[in-house]
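Look over the sequence and the structure below before reading on. The paragraphs that follow go through them step by step.

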There are 2 protein chains.
Amino acid sequence: MANKQKQAVVLLSGGVDSTTSLAIARDMGFICCALSFDYGQRHIYELKAASDIAATLGAVDHRVVKIDLRGFGGSALTDEIQVPKDRSYEAMTSEIPITYVPARNTIFLSFALAYAEVLSSADIFIGVNAVDYSGYPDCRPQYIEAFQTMANLATKMGVEGKRITIHTPLIELTKAQIIKRGIELGVDYSHTFSCYDPQPNAGTTKACGHCDSCLLRAEGFRQAGVEDRKKP
Amino acid sequence: MANKQKQAVVLLSGGVDSTTSLAIARDMGFICCALSFDYGQRHIYELKAASDIAATLGAVDHRVVKIDLRGFGGSALTDEIQVPKDRSYEAMTSEIPITYVPARNTIFLSFALAYAEVLSSADIFIGVNAVDYSGYPDCRPQYIEAFQTMANLATKMGVEGKRITIHTPLIELTKAQIIKRGIELGVDYSHTFSCYDPQPNAGTTKACGHCDSCLLRAEGFRQAGVEDRKKP
């Protein structure tokens, strides 16, 4: 019954994780409204990817909110700080990295909450992952639970008894498990873009192959036993 | 000892409440970094007020973050919906009003948290008030507590044990008490701007005198026994 389907807001960066999260939300039967951010990040190329993915995965709407985090500074993703390259898996996943953008997921989820409230949707999807991103405080389950509690107190919906849920379908999965799940759901990962430090390449862009995001992606595809058709 | 003073991020809209909150933060000994938002609101005139107030109350920094809430719709403050006029005090303060912007305080506090993290400041001030704005879910003490809990889980600072506090010095005060406290602290309220529906007036702007915000301001000054030098 199409008219019984519930709407969900799905945060979509254009990378492997958020793309898989969108495919899972759709598979769960949600009508998906995708939300991306143009936040002065170096990897603006992700937004093109997000737009392609929203279309191919059947999102009914895709909003891009422009916000400026550069004014605050504090991250290699928004400032002119060198993105670290060729780090060990341990270093990549255990420390709070220089690519950490202060309060980023909190800001993204807050906008998702505003959008959800306007849609009267009580479901928000975010592709956070506590396995590969254990160094990021705002990728942990206890953070997500606290945000959900706050969201239910923050909104007209919550006050009126409509329970808001922050869905994190990837939170306990390895990158390989995420990729396998996406492939089961028909995701074409060649549309996704992961690099923190893309290089210009004959009018298009090329992933650097050495930043944390490229390394985790390559290792994920290797462990999943799947060819990455968007190899750097 | 100037070098022992702690920095605080103070949300500043340019209205009576946030201005008083800034004066209180300064009085408590904080070095104040003010944060305002250009969010496509009708009352863009508030931003000029915020800038004047940050300067006159000695904020060491004043950032204005441009965000676009109009894309989501859903409020008389950001859309072309009629701002209600001449409502009773009971109606103004007990219902969730049409001027409610979805998740607004959550978005504002999230940016304040990002700014605080960059500054390594663990103190954020917001001039929310649960007396006159009991209809807004995100002005209640239980919402602020939940945001604070989330903020401590969201950030590098919180994880590293620096306890983040969301200060709400006005939350239990009436408008008259807020104005009296501000005057004790030397606030000149003629710099503030409160109207939800300002009217052009010979190259400047004039408060409408009939929206909830104008009515609450007028009643607050009346009860405080103070002349509002910026009367509509």
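Is the crossing of H7(B) and H8(B) right-handed or left-handed? In this predicted model, the two helices cross in a right-handed way. Helix H7 of chain B covers residues 175-184, and helix H8 of chain B covers residues 212-224. Their axes are 7 Å apart and meet at an angle of about 65 degrees. From H7(B), the contact draws on Lys175(B), Ala176(B), Ile178(B), Ile179(B) and Lys180(B). H8(B) contributes Leu216(B), Glu219(B), Gly220(B), Phe221(B), Gln223(B) and Ala224(B). By class, the residues of this contact are 6 nonpolar, 2 polar and 3 charged.

The next topic is how the two chains are arranged.

Chain A and chain B each give 37 residues to the contact between them. On the side of chain B that touches chain A, the elements giving two or more residues are strand E3 (61-66), helix H4 (104-119), helix H5 (141-154) and helix H6 (156-159). H4(B) gives the most, with 9 residues. This side of chain B has 22 nonpolar, 9 polar and 6 charged residues.

Now for the interior. In soluble globular proteins, nonpolar side chains tend to be buried together. Here the largest nonpolar core has 148 residues. Those with the most contacts inside it are Val10(A), Leu35(A) and Ala112(A), together with Val10(B), Leu35(B) and Ala112(B). Leaving out residues up to four places away in sequence, Leu35(B) touches Val9(B), Val10(B), Leu11(B), Leu12(B), Arg63(B), Val65(B), Phe111(B), Ala112(B) and Tyr115(B).

Where does Thr174(A) lie? Thr174(A) is in the loop between strand E5 (165-167) and helix H7 (175-184) of chain A. Thr174(A) counts as partly exposed because it has 17 C-beta neighbours inside 10 Å, while a buried residue would need 20 or more. Along the chain, Thr174(A) and Arg87(A) are 87 residues apart, and their C-alpha atoms are separated by 18 Å.

How values were computed: Residues numbered from 1 in each chain as written. Chains lettered and ligands numbered in written order. Predicted model: local features only at pLDDT ≥ 70, side-chain atom pairs only at ≥ 80, totals over all residues. Axes fitted to C-alpha atoms, helices over the stretch in contact; angles between N-to-C directions. Helix = DSSP H or I, 4+ residues; strand = E, 2+ residues; numbered from the N terminus. Left-handed = near helix turned anticlockwise from the far one by under 90°. Contact = placed C-beta atoms within 7 Å. Nonpolar A, V, L, I, M, F, W, Y, C, P; charged D, E, K, R; others polar. Buried ≥ 20, exposed ≤ 12 C-beta atoms within 10 Å, placed from the backbone. Core = buried A, V, L, I, M, F, W, Y, C linked by C-beta atoms within 7 Å.
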